[in-house]
Amino acid sequence: MLQSAVGFPSCAVARVGRSIGPYFRAVERFVAVRPGGQPPAPRRSGFDEQLADFPELARLVADPEVTDVFVNGPGRLWADRGAGLVSAASADLDEATLREFAVRLIALGGRHIDEANPCVDVRLHDGVRVHVVLPPVSTVGTLISIRLPRLVPLDLDSLEVAGFFALVPLAAVVALVERRENLLVTGAGGSGKTTLLSALLGAASPGDRIIAIEDVAELRPVHPQFLSLEARQANLEGAGSVGLERLVREALRMRPDRLVLGECRGGEIRELLAALNTGHDGGAGTLHANSLADVPARLEALGALAGLSPTAIARQTVSAIGTVLHLERRPEGRRLVQLGRFELDARDRLRMITDG
């Protein structure tokens, strides 16, 4: 049996470490910093016990540069630090151990996953988002996707330093916020839509009451009046569901100065456009789209889910959305690449016009 430096079995030391770890973490918050000394660097916490048996994964989750971690079945671990996925060293974990770990993570978010409900998405502390898919839906073993928010949310100036506005000047974006234009942020997955939207909301006037509606709460703007409403799925008995469409209606009763839909993905687009067309300026939302040219078709598809004809969704959108900000993920990093606006074509259908 392996022994620790003081003669105790390593497994015993590991168990003790996991049991007393929370106490040490609590004490850390009250330790004074010596005059002239540096405060401890921010780090992600709360995963310590769950990741104790997965040191490779724990190392990636603790890395402040990592934005996404993917476990693609036993022994296959990938991470993204903003420049694309790279393979990470991984122990050859068996499927049973990996599945047990996935179930623990989902339970930490207050939900349950099994063969009857094999795909589950949860939000953990500090905005960490976890998605799990179990076999047989997954053909290669248990799949885990972890989206990690930045330890320190980025503002517009930080994005400027990182080159985010190399193609579109920051001044043009700030002007959109100042004149309270309704904005739609578009881009492919992982292009930085949530990051940009959080920074835009953080630049709003401190007197603005901002209410965001999200399927999974991810927006973290630095703003004194930011409120987030998160959708809730039904419990095991099929009761208790609170959808995005209802949350949009509830948010309108809370007198928002800026109404935000974290991601447009279904019939809730009807309620959002209706709200933005009735005097709620300064609103925003995000939409998955590979290019500006694809945005009209994506909105028409969402409008169909809400029972709106292409003409109806076109007229609502032209009236409600002032500017579209399209993002791309490039080898040099995430970039705001284009601004656009909507107009009607000769058939009363949506058409995208590129600014500049």
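**Pockets, cysteines and cores**

Visitor: How many nonpolar, polar and charged residues are in the lining of the largest pocket?

Guide: The lining holds 15 nonpolar, 17 polar and 18 charged residues. Gly counts as polar here, and Asp, Glu, Lys and Arg as charged. The model is a predicted one, in which local features need pLDDT of at least 70 and side-chain atom pairs pLDDT 80 or more, while totals for chains, interfaces and linings use all residues. Residues are numbered from 1 along each chain as its sequence is written, and side-chain values rest on heavy atoms, without hydrogens or water.

Visitor: What makes this space a pocket, and what is its volume?

Guide: A pocket is an open set of points on a 1 Å grid over the protein atoms alone, with protein on both sides within 12 Å along at least five of seven lines; a cavity is a set where a 1.4 Å probe fits but cannot get out. The largest pocket has a volume of about 1,100 Å³, counted as the space filled by probe spheres set on the points.

Visitor: Which residues lie nearest its centre?

Guide: Of the 50 lining residues, which have an atom within 4 Å of a point, Arg147, Gly190, Gly192, Thr194 and Thr195 lie nearest the centre. Helix H6 gives the largest share of this lining, five residues; H6 spans 193-202.

Visitor: Which residues lie nearest the centre of the second largest pocket?

Guide: They are Gly110, Arg111, Arg232, Gln233 and Ala234, out of 19 lining residues. This pocket holds about 440 Å³, and strand E4 (residues 119-123) supplies the largest share of its lining, three residues.

Visitor: Why is Cys119 called partly exposed, and why is Cys264 called buried?

Guide: Buried means under 20% relative accessible area, exposed over 50%, and partly exposed in between, with a 1.4 Å probe and protein chains only. Cys119 is at 37%, and therefore counts as partly exposed. Cys264 is at 1%, and therefore counts as buried.

Visitor: How many disulfides are there?

Guide: A disulfide needs a pair of cysteine sulfur atoms within 2.5 Å, and the count by this rule is zero.

Visitor: What makes a nonpolar core, and which residues of the largest one touch the most other members?

Guide: A core joins buried Ala, Val, Leu, Ile, Met, Phe, Trp, Tyr and Cys residues through side-chain atoms within 4.5 Å. The largest has 33 residues, and Leu184 and Phe342 touch the most other members. Helix H8 gives the largest share of this core, five residues.

How values were computed. Helices (H or I, at least four residues) and strands (E, at least two) are DSSP runs, numbered from the N terminus.
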